[in-house]
Amino acid sequence: MSIVNYEVIGDIGVIRLNNPPVNALSNGVREGIWGVIKNAQNDASKVLILLCDGDTFIAGADITEFSKPPQPPALSEVIAEIENSNKPVIAAIHGTALGGGFEVALACHYRCALASAKVGLPEVKLGLLPGAGGTQRVPRLAGVTSALELITNGTPVTAIKAAEMNLIDQVINDDLLNGALSFARELIDHNAPLRRVRDISIDTTSIPKGIFDDFRKRLEIEAHSQLAPQHIVSCVEAATLLPFDEGLTKELDLFIECLLSDQSAALRHLFFAERKAKKIQGLPKDTSTREINSVGIIGGGTMGGGIAMSFANANIPVKLLEINQPSIEKAIKAVENNYNLSVQKGKLTVEQKIHCLSLIKGITDYSELAEVDLVIEAVFENMELKQEIFSELDQNCKPGTILSTNTSFQDIDQIAAATNRPQDVIGLHFFSPANVMKLLEVVRGSKSSYQVIATAMQLAKTIKKIPVLAGNCYGFIGNRMLLPYAREAQLCLIEGATPDQIDTAMQSWGMAMGPMAVADLAGLDVGYKARQGMSKAQKGDPKTFCIADALVEMGRLGQKSGTGYYRYDPDTRKRKNDPEVLEIIEAQAKAQGVVRRPIPNDEIVNRLIFAMINEGAKILEDGIAQRPSDIDVVYVYGYGFPAHRGGPMHYADSIGLAKVYDSLCALRNQHGEENWTPAPLLVRLALEGRTFTNWANDQS
Ligand code: 3H9
């Protein structure tokens, strides 16, 4: 079977694509469709149907081809061939018709889809815009407002919604081929015309006044400094101002500008990084996984509750263990409140909420965990307590139950040592709020079995998380890299910056939140307690965390106490700068003999980001991360690193490791060896003129 096949059934020509896994429009597919459409013009068929084998309709252009020289025919030529066909072409959609795939469907004269299918133009998520007519055809079919919404947010819509938007002509409920054949028969019987979307004219009087400027302003705030969203608005505007072909030319020009941008390179890198992260290096091929049909959670605090929701949302029953009945009630109430918020926001129906809540059962006795397939311990960070819990679990859970800890930095092996089954012990580090955040750091202990690791990585997909495998060390990948980042934030503070300056500098650079605001949100006591358990060497120079410690010791715990690095309005939770904090900073600087100076914003950004990159290089050398792109996934999905910069390691590659090395050396000269010795791997690669990415390619 070739990638594009053609047969005539009666008087209907059926074109079938077969390009697993997602029928991407690679060169062979484009050539195939182009040739088949051309040849079919003169055969006995009266209507052509285009459909796909496998799990999905065409999921878009082949993203791997974007970094290679273009091969003819271009997608726009294939699309023109379809639209110019002298007999109607019907797209018959199942799975997802995305990007260039949906653009192919839009060039067809009619579109039908299974009710379960989804369609959309997600190019913006890759820093691109639809480059094969999507921005010109969608407003002609669905109107300008819907086009702007659909293409700028990139999220696919269901076939039913797409039909309401006039993007799909017929929704099919059972067999796609039979449904599409009946639809084709109807068209033949009614002598249906060739409906070319390009011929539809947009009624400009119906366009809401000022809509393009409103979108530009809104996107400037939501997707600040990103090129693609703004260019999408310009393309849709062009559809209303220019003849169709000129609109296409404008779209192609802006598509190419996006394609060549660093932002798109970063986002495409992340697309593949996210998928690669799921792969476990060295996993024996015959490794089986265990079924996880029930889960126990120890501790119903914020983390435990959020984790319980993640499983209930995936229809997996949860037993939530707390010390007594009032604690259970408190935990379940907090979960219920969270679900109520989702209902209020329209993200969940009342029935779904009731169902999810029915799956979470509070318990107080370990014996009730005897039959669960997985336990996740989510109590506070105290090694003795964790060891006690794991010993209880070892005695109570059936053989084969996976015992996991949600610790964010403690030694997995030490926890596993409290059991007689260290091979079944693993870290599952969720991020707060656990029901929302996408990242799951899976931490392998030295004795975790491949079966347990593979099960944990697979489980992430069930609960809609993105897993990254980490080795066992203080803080694993994410929090280990956060330490030098937080250290530099603290040092900038004592040396002359203010909390607001640091947060604004980092947010302007693209971080979702600045480090001081994050610390206030998480609670300053969390870091304080963690530092109590650190050695002197781990804590470093006393001037590093003296301000943070002073704040906690004054009862300023962050948002929860109403004061931290900022003062918070009790009603709105809005932050305000607090002159008292500046006094504390100045007093601490004086006590430590630090003469404060003005610190430029770019120094703040460089110190925080380069410190993190340097630690990332050490993490790679130590084998804690499997590959540099895994570190990028951790930082983008767990720590609010700007996706359009691709993650810290991709960012380092993109500016050049030689430049990173020079900056580290300059910082070492200014601030000393202790914090700024460049990681040996980074030095080597910089001197060899290489990148983390090509080093990783050599390793695999
Ligand atoms: C575009 O179309 C531009 C045009 O407007 C203009 C052109 C001129 N290309 O995600 P999965 C691979 S831009 C190449 O795990 P799922 C993926 O890497 C494109 N490869 O499966 C993975 O490989 P591996 C607009 C692709 O079932 C395997 O397929 N389209 C592509 O969870 C399975 O993927 C998009 O942005 C591709 N387009 O989800 C859609 N897509 O097994 C991108 C996937 O080696 N794709 N692969 O790791 C998706 O959103 C999801 O893959 C999809 C399936 C929902 C389709």
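**A walk through loops, helices and cysteines**

Let's start with N191, which sits in the loop that runs between α7 (176–189) and α8 (211–222); helices (H or I, at least four residues) and strands (E, at least two) are DSSP runs, numbered from the N terminus. The model is a predicted one, in which local features need pLDDT of at least 70 and side-chain atom pairs count only at pLDDT 80 or more, while totals for chains, interfaces and linings use all residues. Residues are numbered from 1 along each chain as its sequence is written, and side-chain values use heavy atoms, with hydrogens and water left out.

Back at N191, the backbone deserves a look: phi is near 50°, a positive value in a residue other than glycine. With a relative accessible area of 69%, N191 is exposed (exposed means over 50% relative accessible area, buried under 20% and partly exposed in between, with a 1.4 Å probe and protein chains only). K464 also has a positive phi, about 60°, although it is not a glycine. You will find K464 in the loop between α17 (450–462) and β17 (466–470), and K464 is exposed too, at 69% relative accessible area.

Two cis peptide bonds come next on our tour. P72 is joined to P73 by a cis bond with omega of about -5°, and P73 belongs to the loop between β3 (47–52) and α2 (75–83).

Now to the helices. The axes of α4 (residues 134–142) and α5 (residues 144–153) are 7 Å apart, and the two helices pack at about 135°. Axes are lines fitted to C-alpha atoms, for helices over the stretch in contact, and angles run from 0 to 180 degrees between N-to-C directions. The pair is therefore oblique (angles under 35 degrees count as roughly parallel, over 145 as roughly antiparallel, 65 to 115 as roughly perpendicular and the rest as oblique). On the α4 side, G134, T135, V138, P139 and A142 make the contact, and on the α5 side V144, S146, A147, L150 and I151 do; contact means heavy atoms within 4.5 Å. These residues divide into seven nonpolar, three polar and no charged (Ala, Val, Leu, Ile, Met, Phe, Trp, Tyr, Cys and Pro count as nonpolar, Asp, Glu, Lys and Arg as charged, and the others, Gly among them, as polar).

Helix α4 also holds Q136, which is buried at 0% relative accessibility. Apart from its neighbours within four places in sequence, Q136 touches C235, A238, A239, F244, G247, L248 and E251.

That leads us to α9 (residues 227–241) and α10 (residues 244–259), whose axes come within 10 Å and cross at roughly 175°. They are therefore roughly antiparallel to each other. From α9, L227, A228, H231, S234, C235 and A238 meet K250, E251, L254, E257 and C258 of α10. Sorted by class, that contact has six nonpolar, two polar and three charged residues.

Finally, how many disulfides does the structure hold? It has zero, where a disulfide is a pair of cysteine sulfur atoms within 2.5 Å. Take C108: its closest cysteine sulfur, that of C112, is 9.7 Å away, too far for a bond. Both cysteines are tucked away from the surface probe: C108 is buried at 1% relative accessible area, and C112 is buried at 0%.
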